Amino acid sequence: MSGDRINVELVRYTPEPVETAGRAAGICWDKEEKEEYGAFIRRVVKKGHESVIEHVSFTFRIEGVSRALTHQLVRHRIASYSQRSQRYVDEGEFEYVTPPNVEENEEARKLFVDFMEESKELYDRLRGMGIRKQDARFVLPNACESKIIVTMNARSLRNFFSLRMARGAQWEIRELAARMFDLVHDVAPELFEDLKEAADLARKD
Ligand SMILES: Cc1cc2nc3c(=O)[nH]c(=O)nc-3n(C[C@H](O)[C@H](O)[C@H](O)COP(=O)(O)OP(=O)(O)OC[C@H]3O[C@@H](n4cnc5c(N)ncnc54)[C@H](O)[C@@H]3O)c2cc1C
């Protein structure tokens, strides 16, 4: 199936994210106690004084995405990751993500599904011959589903959103980024609201 398999959960985040960033910004100007952190932090973010939002981080659990997606995701270096291992977990029964373009084309879909089945069969045959998981996995496709836990601070997350919700981003990671955006925008709108238009566009086209 396509991107509708994506399952993303905001597992944890810094308590009182806007106040936390606001207090960090406040210490720079010796104005730590502010009543209206929301407006304050909006101005700070707009000015590009983004180091103060590094004090706020978000942890996501992501499932139902392809290895093609996670390879792009882990290129974002300012983050922490824990991913299901193809070295330690048997992938004989792997689930997979089908790109919408392939899904819509009957002939392409058939070729795609046949290849997924062949790949599973070959993996199992290699495993049956005593080949270790870490070597049998060389025949697994990029479409193979994965699970990953990601922690990013708000600054890195804003960079991730800017790059991955943009029109030029690949469809699956664009969809994931828009879903992650919704989750963090709900709990800390002041840190992300200037990116809302990009998120809306990512959902539309
Ligand atoms: C549309 C698109 C297409 C892409 N295509 C390709 C491709 O074909 N091939 C490919 O290899 N990658 C590709 N990438 C990945 C891209 O080059 C980045 O590696 C990825 O988006 C991570 O972005 P980042 O470096 O900004 O994030 P992070 O790694 O999280 O870094 C955050 C920021 O920290 C700073 N930073 C981090 N490390 C360094 C450093 N070593 N030196 C200087 N500053 C640093 C930069 O300001 C950076 O923006 C593509 C990305 C996009 C969005």
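Colleague: At roughly what angle do the axes of helix α7 (residues 154–164) and α8 cross, and within what distance do they come?

Modeller: First, the basis: this is a predicted model, in which local features need pLDDT of at least 70, side-chain atom pairs count only at pLDDT 80 or more, and totals for chains, interfaces and linings use all residues. Residues are numbered from 1 along each chain as its sequence is written. Helices (H or I, at least four residues) and strands (E, at least two) are DSSP runs, numbered from the N terminus. Axes are lines fitted to C-alpha atoms, for helices over the stretch in contact, and angles run from 0 to 180 degrees between N-to-C directions. Here the axes of α7 and α8 cross at roughly 140° and come within 9 Å. The pair is therefore oblique, given that angles under 35 degrees count as roughly parallel, over 145 as roughly antiparallel, 65 to 115 as roughly perpendicular and the rest as oblique.

Colleague: Which hand does the crossing of α7 and α8 have, and which residues meet?

Modeller: A crossing is left-handed if the near helix is turned anticlockwise from the far one by less than a right angle, and right-handed if clockwise; that of α7 and α8 is left-handed. Two residues are in contact if their C-beta atoms, placed from the backbone, lie within 7 Å. On the α7 side these are Leu157, Phe160, Phe161 and Arg164, facing Ile173, Arg174, Ala177, Phe181 and Val184 of α8. For composition, Ala, Val, Leu, Ile, Met, Phe, Trp, Tyr, Cys and Pro count as nonpolar, Asp, Glu, Lys and Arg as charged, and the others, Gly among them, as polar. This contact has seven nonpolar, no polar and two charged residues.

Colleague: How do α8 and α10 cross?

Modeller: Helix α8 (residues 171–187) and helix α10 (residues 196–204) have axes that come within 9 Å and cross at roughly 135°, which makes α8 oblique to α10. Their crossing is left-handed. Among the α8 residues in this contact are Arg174, Ala177 and Phe181, which also meet α7; the α10 side consists of Lys196, Ala199, Ala202 and Arg203. The contact of α8 with α10 divides into five nonpolar, one polar and five charged residues.

Colleague: At what angle do α1 and α2 pack?

Modeller: Helix α1 (residues 17–28) and helix α2 (residues 37–47) pack at about 65°, with axes 9 Å apart, in a left-handed crossing. Val18, Glu19, Ala21, Gly22 and Ala25 of α1 meet Tyr37, Gly38, Phe40, Ile41 and Val44 of α2.

Colleague: What span should helix α5 have?

Modeller: The expected span is 1.5 Å times one less than the number of residues. Helix α5 (residues 106–128) has 23 residues and should span 33 Å; its end C-alpha atoms are 33 Å apart, so the two agree. Gly130, which follows α5, has a positive phi, near 90°.

Colleague: How is the chain divided into domains?

Modeller: Domain bounds come from an automatic or database domain assignment: domain 1 is 3–84 + 146–204, and domain 2 is 100–139. Their centres, taken over C-alpha atoms, are 34 Å apart.
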